[in-house]
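Please consult the sequence and the model below while reading.

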Amino acid sequence: MWVEDPGFPLIRPTIEQEGVTLHPVPVDGEGMDVDWALKHAANARFALLTPAHQSPTGVALSLPRRRQLLDWAAHHQAWVIEDDYDSEFRYHGKPLPPLKSLDAPQRVIYIGTFSKALFPALRTAWLVVPMPLVAAFRRQAQRVACPVPLLWQQTLADFLREGHFWRHLKKMRLHYAQRRRWLETALVAHGFQVVEQLGASSWWYRSTGMIE
Ligand SMILES: Cc1ncc(COP(=O)(O)O)c(C=O)c1O
């Protein structure tokens, strides 16, 4: 499985535990370096990545890389696992549509979570899987005890159905953008400066000496 390097640290042990061999693939200003992966491990069966906001650098996977990845998956009968863990919040530029929305060959397994958009203790996420995989995922889900109480799930379903979730996102986008501006102002006021803009929404600050 291709995984991003650097990447989300908790995911690697979980996958390795299943006996899967990991191929860490470098990340640059356009996200996962698909050329590199094709050169070093073209026969992988899976690619796991965070296309909207690469974790941890924040870069978005460029459109040419998205196409390259989907072509590879289609030609090698491989699966792309799209971990879309926080795409609801983006403060610069237009949000990019998920990779899943380009998935004509039906090779993308999409994962979303309510951890960032609502709260992590809800422990609720969802999958959008290609049609041919639906039955297998259903069977597997029936074998695993779901830790989320049914009442919470039904409440959440009502929350979505009645449009409250979208209103909540609209409100929180404004709040978080404001908080972000406050944080930036405070950092600059305390001697930090932007040294590198890696992705559309990721800045790295370096102290000019006052706080370090
Ligand atoms: C990159 C990435 N993927 C997945 C997750 C998992 O989210 P959760 O298990 O809370 O749904 C997180 C949580 O922070 C994350 O940062």
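Helices (H or I, at least four residues) and strands (E, at least two) are DSSP runs, numbered from the N terminus. On this basis the secondary structure of the chain comes to 6 helices and 9 strands. The model is predicted: local features need pLDDT of at least 70, side-chain atom pairs count only at pLDDT 80 or more, and totals for chains, interfaces and linings use all residues. Residues are numbered from 1 along each chain as its sequence is written, and side-chain values use heavy atoms, with hydrogens and water left out.

**Overall dimensions and burial**

The C-alpha trace of the chain spans about 55 × 50 × 30 Å along its principal axes. A residue is called buried under 20% relative accessible area, exposed over 50%, and partly exposed in between (1.4 Å probe, protein chains only). Of the 212 residues of the chain, 38% count as buried.

**The ligand and its surroundings**

The residues that surround the ligand are Phe8, Thr50, Ser55, Asp83, Tyr85, Thr113, Ser115, Lys116 and Arg123; a residue is near a molecule if one of its heavy atoms lies within 4 Å of it. By class, this shell holds 2 nonpolar, 4 polar and 3 charged residues. In that scheme Ala, Val, Leu, Ile, Met, Phe, Trp, Tyr, Cys and Pro count as nonpolar, Asp, Glu, Lys and Arg as charged, and the others, Gly among them, as polar.

| Side chain | Ligand atom | Distance |
|---|---|---|
| Asp83 | nitrogen | 2.5 Å |
| Thr113 | oxygen | 2.6 Å |
| Lys116 | oxygen | 2.6 Å |

Taken alone, the ligand exposes 390 Å², and the protein buries 74% of that; these accessible areas come from the Shrake-Rupley method with a 1.4 Å probe. The ligand sits in the largest pocket. A pocket is found on a 1 Å grid over the protein atoms alone, as an open set of points with protein on both sides within 12 Å along at least five of seven lines. A molecule sits in a pocket if more than half of its atoms lie within 2 Å of its grid points.

**Loops with particular backbone geometry**

The loop between strand S1 (2-5) and helix H1 (11-16) contains Pro6, and the peptide bond from Asp5 to Pro6 is cis, with omega near 5°. A cis peptide bond also joins Ser55 to Pro56, with omega near 15°. Pro56 belongs to the loop between S4 and H3. Gln54 lies in the loop between strand S4 (46-49) and helix H3 (63-76). Why does Gln54 count as buried? Its relative accessibility is 1%.

Gln77 is placed in the loop between H3 and strand S5 (79-84) and counts as partly exposed because its relative accessibility is 47%. Arg123, one of the residues around the ligand, is found in the loop between strand S6 (108-113) and strand S7 (125-128). With 57% relative accessibility, Arg123 counts as exposed.

**A helical residue**

Arg161 lies in helix H5 (residues 150-161) and counts as exposed, because its relative accessibility is 63%.

Definitions and conventions: A polar contact is a pair of N or O atoms within 3.5 Å; within protein, one must be able to donate a hydrogen and the other to accept it, and residues adjacent in sequence count only if both atoms are side-chain atoms. On a 1 Å grid over the protein atoms alone, a cavity is a set of points where a 1.4 Å probe fits but cannot get out, and a pocket is an open set with protein on both sides within 12 Å along at least five of seven lines; lining residues have an atom within 4 Å of a point.
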